[in-house]
Amino acid sequence: MRIDKPNGVCWCGCGKPTGKGAYFVSGHDKKAESAVMQIRYGGVAEMLVHHGFGPGGLNLHDEHAKWKAAGGKPR
């Protein structure tokens, strides 16, 4: 996945200017993350199930430990 360089405007969509090299105004990364979670999945539990985690699925704790041990690269 290609991610553009910061453009001086907050990526959450608020239109506020960012500091040099920043994608977001302070705290707006979490606002954006929360909004995407709600829009696309409904909540954290639904997102986990969508990706195969949770009861009867993959164990998130174990999978995260394996991912970190393998170098922690995005998939």
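Good morning. The structure holds one aromatic pair. In this pair, Trp11 and Tyr23 stand edge-to-face, with 4.7 Å from centre to centre and 75 degrees between the planes. The pair links distant parts of the chain: Trp11 and Tyr23 are 12 residues apart, and each is in the segment before α1. The criterion is that rings of Phe, Tyr and Trp (its six-membered ring) pair if their centres lie within 6.5 Å, with planes under 30 degrees apart counted as stacked, over 60 as edge-to-face and the rest as tilted.

Before I continue, a word on the basis. This is a predicted model, in which local features need pLDDT of at least 70 and side-chain atom pairs count only at pLDDT 80 or more, while totals for chains, interfaces and linings use all residues. Residues are numbered from 1 along each chain as its sequence is written, and side-chain values use heavy atoms, with hydrogens and water left out.

How accessible are the two ring residues? Trp11 is partly exposed, at a relative accessible area of 38%, and Tyr23 is also partly exposed, at 29%. Here buried means under 20% relative accessible area, exposed over 50%, and partly exposed in between (1.4 Å probe, protein chains only).

Thr18 also has its place in the segment before α1. Thr18 is buried, with a relative accessible area of 16%. A polar atom of the Thr18 side chain lies 3.1 Å from the backbone oxygen of Ala22.

I turn now to the salt bridges. A salt bridge is taken as a side-chain nitrogen of Lys or Arg within 4 Å of a carboxyl oxygen of Asp or Glu. By this rule the count comes to three.

One of them joins the side chains of Asp4 and Arg2, at 2.9 Å from N to O. Arg2 is exposed, with a relative accessible area of 71%, and Asp4 is partly exposed, at 40%.

Another is formed by Lys30 and Glu33, whose closest N and O atoms are 3.2 Å apart. Both residues belong to helix α1 (residues 28-40) and are three residues apart, about one turn of the helix. Helices here are DSSP runs (H or I, at least four residues), as are strands (E, at least two), numbered from the N terminus. Lys30 is exposed, at 52%, whereas Glu33 is partly exposed, at 44%.

In helix α3 (residues 60-69), Glu63 and Lys66 are three residues apart and therefore separated by about one helical turn. Their closest N and O atoms are 3.0 Å apart in a salt bridge. Is Glu63 buried or exposed? Glu63 is buried, with a relative accessible area of 18%.

Finally, the loop between α2 (44-50) and α3 holds Gly57. Gly57 is partly exposed, with a relative accessible area of 43%. How far apart are Gly57 and Gly21 in sequence and in space? They are 36 residues apart in sequence and 39 Å apart in space, C-alpha to C-alpha.

Terms used. Polar contact = N/O pair within 3.5 Å; in protein donor to acceptor, adjacent residues only side chain to side chain.
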